[in-house]
Amino acid sequence: MKIIFLGHTSVHAALIAANIYLGKISDGKLCMIEGFTDMSKDVFQPLYIGTDAKGTEVYTLGGGKDLWMVKKSIEDLRDILGFKPDDLIIETISSRWDWILAMLIKIPPFMGGSHLNYLASKILLGTQVNELNQSVAKLKSA
C-alpha cells in the first residue's frame, strides 16, 4: 500500500503529517524533519518520506492551489489503471497558514526568503501539529 499526503506544497504541512504517520515526530520538533521547507526541491513532484512497519510507503506531493482537483485526478488515474482504493490512499492535508507560506516561497533566497520561510513555517505549522495529529489518527483508524 502507498499513501500520498497531498498538500499545497510537499515540504510544509504534508511533510509534517507524513512524519507523524511514520512516528518520526510526536513532540512538535519540526526542525528535526529532514527537508522541512527545503524549497530547492521541486515541490510539485512526489517526495518519498519512508516506509512504516507494515510496509506502507509514504510520500508527500504538492498540489498547488486546487487540492481537490489534484486528489480527484490521482484517484481517477488509480481507478483507470485498475488499482484498488486501498492500494493508493491520497490524504489531503491543509493548514490555515498555507496562504502565508505561499507568499514567503516567492521571496528570493538572496533576500532571505529561505530563512524567512523556515522560521515562519516552524512557528506557524508548529501551532497546527495537534490538527495534523488528528488527521493522521483518522487515517490510521480507517
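## Basis and overall content

Accessible areas come from the Shrake-Rupley method with a 1.4 Å probe, and for residues only the protein chains shown count as cover. On that basis the accessible surface of the chain comes to about 8200 Å², and 59% of this surface belongs to carbon and sulfur atoms. The model is predicted: local features need pLDDT of at least 70 and side-chain atom pairs count only at pLDDT 80 or more, whereas totals for chains, interfaces and linings use all residues. Residues are numbered from 1 along each chain as its sequence is written, and side-chain values use heavy atoms, with hydrogens and water left out.

Helices (H or I, at least four residues) and strands (E, at least two) are DSSP runs, numbered from the N terminus. The chain has 5 helices and 4 strands, and from the N terminus on the elements run β-α-β-β-α-β-α-α-α. Of the 142 residues in the chain, 43% are buried; buried means under 20% relative accessible area, exposed over 50%, and partly exposed in between (1.4 Å probe, protein chains only). A contact is a pair with heavy atoms within 4.5 Å. Among contacts between residues at least 6 apart in sequence, 69% join residues at least 24 apart.

## The sheet

The 4 strands of an open sheet follow the order β2-β3-β1-β4, with mixed pairing; two strands pair if DSSP finds at least two bridges between them. β2 (47-51) and β4 stand at the edges with a single partner strand each, so one side of each has no neighbour in the sheet. Neighbouring strands are turned by 25 degrees against each other on average, direction ignored. Axes are lines fitted to C-alpha atoms, for helices over the stretch in contact, and angles run from 0 to 180 degrees between N-to-C directions. Helix α2 packs on the sheet and touches β1 (2-7), β3 and β4; the direction of α2 makes about 175 degrees with that of β4.

The antiparallel pair is β2 with β3 (residues 57-62), joined by 4 bridges. In this part of the sheet T51 stands opposite E57 in β3. β1 pairs with β3 in the parallel sense over 6 bridges, and 5 bridges join β1 to β4, also in parallel. I3 takes part on both sides: the bridge partner of I3 in β3 is V58, and I3 stands opposite I89 in β4. β1 is mostly covered, with 5 of its 6 residues buried.

## Helix α1

Helix α1 (residues 13-21) is largely enclosed by the rest of the structure, because 9 of its 9 residues are buried. The buried residues are A13, A14, L15, I16, A17, A18, N19, I20 and Y21. G23 follows α1 and has a positive phi, near 80 degrees.

## Salt bridges

A salt bridge is a side-chain nitrogen of Lys or Arg within 4 Å of a carboxyl oxygen of Asp or Glu. By this rule the count is 4. One of them joins the side chains of E57 and K2, at 3.3 Å from N to O. This pair links distant parts of the chain, with E57 in strand β3 and K2 in strand β1, 55 residues apart. E57 is partly exposed at 24% relative accessibility, and K2 is partly exposed at 35%.

K71 is partly exposed, at 23% relative accessibility. D76 forms a salt bridge with K72, with the closest N and O atoms 3.2 Å apart, and D76 and K72 are likewise 4 residues apart in α2, about one turn of the helix. D76 counts as partly exposed at 33% relative accessibility, and K72 at 37%.

## Nonpolar surface patch

L77, I80, L81 and F83 make a nonpolar surface patch of about 450 Å². Patches are made of residues with over 30% relative accessible area and no salt bridge, with like charges joined within 9 Å and nonpolar side chains (Val, Leu, Ile, Met, Phe, Trp, Tyr) within 5 Å. F83 lies in the loop between α2 (67-80) and β4 (88-92). With a relative accessible area of 47%, F83 is partly exposed.
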